[in-house]
Amino acid sequence: MTFLRRALLLLFVLSVVVAAFIVIGNAELLDRLKDYLWTIHLSLPLTVGFDAFLVVLTVSSIFVCFLLLSLCVTLVVAVAARLALRKQHELLQVASTKRDADRLKEEHHRHYEQLALMEQTLAQRLDKRVLVQTIVETASRVTSSVQANSVASLWLLHYETETFRFEMGRYCDETLFQKTEFQPNEQPFAHVVATQKPSMVSQLTDEMVAAFLAPDKVRQLRSATAAMLIPFVIEGRVLGVLVIFCHADMLKQYEEQRAFYAAIWGELTLAGVIAIQGAVTILDRLTGVHTREYFMNRLVQEIERANRYQLPVSLLMVDIDNFKLVNDTLGHPQGDAVLKIVAKILKKEVRAIDLVGRYGGEEFVVMLPETGFGEGGAAASGAMVVAERIRKSVDEEFHGLQKPLNLTVSIGVSVRRFPEGRETDYRDLIRMADEQLYRAKTTGKNKVCVLSPETPEAIL
């Protein structure tokens, strides 16, 4: 800038000198200037010598020229300064953009490392407990901020009861919540189950706190007063929900980095699939009872155990009467609803040690360990008692409904007692129960028929 000012000053001086030489060297221009100055001199009210007037006019002209040139220099300097300032601003902007790009690159690299580390951790162990622990720890870590650590909890769908159960938490345990088991239509699960999309709550409402959290434990959340609910959607069904309590600023970061968090949720969902894979593979997706394959394996094991400890085993074959009319008249969705209702009744009417399976179509099978006809001891409950209780419950559930929904069930029962039936294997037990089911279906339906290996005739 100093060099520019000196150059402009030198240019100004040279311009004045050149102008002077031009005027002096041009005789005609000089004569005209003298005549003009003489005319002006005569019109002045003051008596001033021509030479003095010429000096004053010359000095004034030089001063005016100096002012004009100074103004030009000032304008040039101002423009140059503005250009320099703009260039400096552009350089700063470029530097800032580069810093942002470097920061974004570093952030992406950090996110990539987080995803890689998480994938590596999830792939190391397939144990359900380890996977669940990894899920809640990862969810808490990636959503924590300087202001607050995120409190994460994982709730998985329990097929037996069709409820979401607390599995594990990070910075919390089951005492933080009102209860450890919630229906899918209860808060806060209802919304994510209906939409199957993540739900963000910027501020916990009194309604949510009252419905979900234990009043005396809410203070554990401290400044984590926002919530994120992430559903684990598998084959169009929500099989788990990740509930995260975080700082409100975390939701802004979530909006800015949706792609990263979407990748995180995807990885955690896959981990959730692995965690519940055992339950998914052994349970019928529609009814929630066990699959036929799993049931058969368990039946073989139970017969071996019964031989070892000299215990009875009973088997029930349950078939829904006139079920085909439901599908043909009302459609398969209504038929599926009926299957779910019957499966729920079966699970409700048996003990925890009993096993319910779907044998095929509208046919179910129930294994009753340590259960015979009901003659004292471990067999006191009696297979017939259980079968009759199931039949009555189904009859009462559908009683009074219009056809074809006024449904009933027929049940065939087989009993294996020790030592009389020690030669009876699982195939024989199933065959006998199936024969009694056929007998119940062909002799009026809505009844229970039973046959044991040692009795020559069936009992109704």
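**Note on strands, sheet and salt bridges**

1. E5 and strand E6 (residues 237–246) pair in the antiparallel sense, with 9 bridges between them. The model is a predicted one. Within this pair, Pro231 stands opposite Val241 of E6. The two strands form a hairpin with 2 residues between them, and Glu235 takes a positive phi there, near 50 degrees.

2. Strand E5 spans residues 226–234 and is mostly covered, with 8 of its 9 residues buried. Strand E5 also pairs with strand E4 (residues 199–201), again antiparallel, over 3 bridges. In that pairing Met200 has Met228 of E5 as its bridge partner.

3. Trp155 belongs to strand E1, residues 151–158. Its relative accessible area is 0%, so Trp155 counts as buried. The Trp155 side chain makes a polar contact of 3.0 Å with the side chain of Ser153. Trp155 and Val243 are 88 residues apart in sequence, yet their C-alpha atoms are 7.7 Å apart in space.

4. Another part of the model holds an open sheet of 5 strands, in the order E8-E9-E7-E10-E11, with mixed pairing. Strand E8 (355–360) and strand E11 (448–451) are the edge strands; each has a single partner, so one side of each has no neighbour in the sheet. From one strand to the next the twist averages 20 degrees.

5. Leu355 has Met367 in E9 as its bridge partner. Helix H12 (residues 332–349) packs on the sheet and touches strand E7 (313–320), E8 and E9. The direction of H12 makes about 10 degrees with that of E9.

6. The whole structure contains 17 salt bridges. One of them joins Arg170 to Glu137, with the closest N and O atoms 3.8 Å apart. This pair links distant parts of the chain: Arg170 is in strand E2 (residues 163–170) and Glu137 is in helix H4 (residues 128–143), 33 residues apart. Arg170 is partly exposed at 31% relative accessibility, and Glu137 is partly exposed at 27%.

7. A second pair to check is Arg237 and Glu162, whose side chains meet in a salt bridge at 2.7 Å, N to O. Arg237 lies in strand E6 and Glu162 in the loop between E1 and E2, so the bridge ties together parts 75 residues apart in sequence. Both ends are partly exposed: Arg237 has a relative accessibility of 26% and Glu162 of 29%.

8. What separates Arg431 and Asp428 along helix H14? They are 3 residues apart in this helix (residues 426–442), and therefore separated by about one helical turn.

Definitions and conventions
Residues numbered from 1 in each chain as written. Predicted model: local features only at pLDDT ≥ 70, side-chain atom pairs only at ≥ 80, totals over all residues. Heavy atoms only, no water. Pairing = 2+ DSSP bridges. Helix = DSSP H or I, 4+ residues; strand = E, 2+ residues; numbered from the N terminus. Axes fitted to C-alpha atoms, helices over the stretch in contact; angles between N-to-C directions. Contact = heavy atoms within 4.5 Å. Buried < 20%, exposed > 50% of the residue type's maximum accessible area, 1.4 Å probe, protein only. Polar contact = N/O pair within 3.5 Å; in protein donor to acceptor, adjacent residues only side chain to side chain. Salt bridge = Lys/Arg side-chain N within 4 Å of Asp/Glu carboxyl O.
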